[in-house]
Amino acid sequence: MTPEFRRDPLHNAWVVFAPERQRRPQDYLPATLSAGALDPFAEGNERLTPPEVYAARKEKTKPNEPGWRVRVVPNRYPAMRIEGQLESAPAGLYDRVTGIGAHEVIIETPDAKTALEDLTITGVAEVFGTYRERILDLNKDSRFQHIYIFKNFGPSAGASIAHAHSQLVALPLVPPLVEAKLIRAREHFARKQRSLFSDILHTERTDGSRMVAENDGYALFCPYASRFPFELAVFPKRHDPQFVSCSVTELHDLAEVVRFALQRLNAVLEKPGYNLLLHMAPLQRPMNERFASAKLDYCWHLEIVPRFHSLAGFELGLGAFINTVYPEDAAKFLRGEVRA
């Protein structure tokens, strides 16, 4: 069976049915690589992955061979398939869309023992530059409406391989959660003639109690209504809805802030599992004209969410969260003002 998107009208949510992923061997992506285990993402094991679609590599080295610093390959067990025609059809009351999309793995380092925050700032910036290159390339495919990049680190955050990597998905639709955030940003701008993101950034920098760090390009802070303990947000100081607008200097500044954030989480929480989430506006498409105001009212941003436990009935049933740590206190720990 081929992948398929199905829309749940009660929860206004799209679900991807990906039957091929159930054939994924449980030991293909181990949470912790044991001594002597074969790491499919390590340099020298390029034959164990699908052919690369992009790589930052040394001069005079060939694709799918050693010599790379960052490497991008299709997910061997994708949630969606890039081949095929995009088709949308009703199924009685329900809606369905063929499971067309891209699902890629961004391998952040050739070394299995090196974490993202262990790289130099230049190395982290190269990872973010790879994000940008893949977005620019996939934007050429008119079937895609939205691109989302995320990183799962540790079993508690859903990671199934220890080797540092991120994932990219290109979708033929705009998920309701993304659309809802865009609508809130548009409504805020309509009321106040100011961007919600600019207002949040101004408030956090002025108040200061939840700020963790900042540099010329970015502010790092614990959100006022953090859903999870020690949750972090990274907001750019230059307002733009699209991550691909980042300059080389801005990618360097972003790398500096994110590297610092992960290192502080490691120091305070002893290397917790986390999700890193890159949010941006939908791609510019005729069917996305309803988001045309995003250039004024929406701004791309990053979230870093430490994961200590899975969601339970309260969160799943109500869409609300219970957080045991005030963001002001979390920020003090992360700034180094208080020791655990």
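This is a predicted model: local features need pLDDT of at least 70, side-chain atom pairs count only at pLDDT 80 or more; totals for chains, interfaces and linings use all residues.

**A buried charged pair and its surroundings**

Mentor: Let's start with Arg-134 and Glu-104, whose side chains meet in a salt bridge at 2.7 Å, N to O. Arg-134 sits in helix H1 (residues 121-138) and Glu-104 in strand S7 (residues 102-107), so the pair ties together parts that are 30 residues apart in sequence. Both Arg-134 and Glu-104 are buried.

Over the whole structure, a search turns up 23 salt bridges. Arg-96 and Glu-4 make one of them, with their closest N and O atoms 3.0 Å apart. Here Arg-96 belongs to strand S6 (residues 94-98) and Glu-4 to strand S1 (residues 4-8), so this pair ties together parts that are 92 residues apart in sequence.

Now step back to the chain. It has seven helices and 14 strands. Its radius of gyration is 20 Å, close to the 20 Å that the globule rule gives for 340 residues, so the chain is as compact as a globular protein of that length. Buried residues make up 49% of the 340. Among contacts between residues at least 6 apart in sequence, 68% join residues at least 24 apart.

On to the nonpolar side. In soluble globular proteins, nonpolar side chains tend to be buried together. In this model the largest nonpolar core has 49 residues, and Phe-128, Leu-232, Phe-243, Leu-254 and Trp-300 touch the most other members. Helix H4 (residues 248-269) supplies the largest share of this core, nine residues. Leu-232 touches residues including Val-212, Phe-221, Ala-261, Leu-265, Ile-304 and Leu-334. There's also a second, separate core of 16 residues, with Val-178, Phe-291, Ala-294 and Cys-299 among them.

Leu-311, Leu-316 and Phe-321 make a nonpolar surface patch of about 280 Å². Leu-311 is in the loop between strand S14 (301-307) and H6, and Phe-321 is in the loop between helix H6 (313-318) and helix H7 (327-335). Leu-311 counts as partly exposed at 34% relative accessibility, and Phe-321 counts as partly exposed at 34% as well. Leaving out residues up to four places away in sequence, Phe-321 touches Arg-227, Phe-228, Leu-311, Phe-314 and Glu-315. The C-alpha atoms of Phe-321 and Arg-227 are separated by 5.6 Å, with the two residues 94 apart along the chain.

Last, check the backbone in two loops. Most residues other than glycine have a negative phi. Asn-64, not a glycine, has a positive phi of about 65°; it lies in the loop between strand S3 (54-57) and strand S4 (68-74). Glu-270 isn't a glycine either, and has a positive phi of about 60°. Glu-270 is in the loop between H4 and strand S13 (273-279). Asn-64 counts as partly exposed at 32% relative accessibility, whereas Glu-270 counts as exposed at 71%.

How values were computed:
Residues are numbered from 1 along each chain as its sequence is written. Side-chain values use heavy atoms; hydrogens and water are left out. Helices (H or I, at least four residues) and strands (E, at least two) are DSSP runs, numbered from the N terminus. Buried means under 20% relative accessible area, exposed over 50%, partly exposed in between (1.4 Å probe, protein chains only). Contact means heavy atoms within 4.5 Å. A nonpolar core is a set of buried Ala, Val, Leu, Ile, Met, Phe, Trp, Tyr and Cys residues joined through side-chain atoms within 4.5 Å. Patches are made of residues with over 30% relative accessible area and no salt bridge: like charges are joined within 9 Å, nonpolar side chains (Val, Leu, Ile, Met, Phe, Trp, Tyr) within 5 Å. Accessible areas come from the Shrake-Rupley method with a 1.4 Å probe; for residues, only the protein chains shown count as cover. A salt bridge is a side-chain nitrogen of Lys or Arg within 4 Å of a carboxyl oxygen of Asp or Glu. The radius of gyration is taken over C-alpha atoms; the globule rule is 2.2 Å times the number of residues to the power 0.38.
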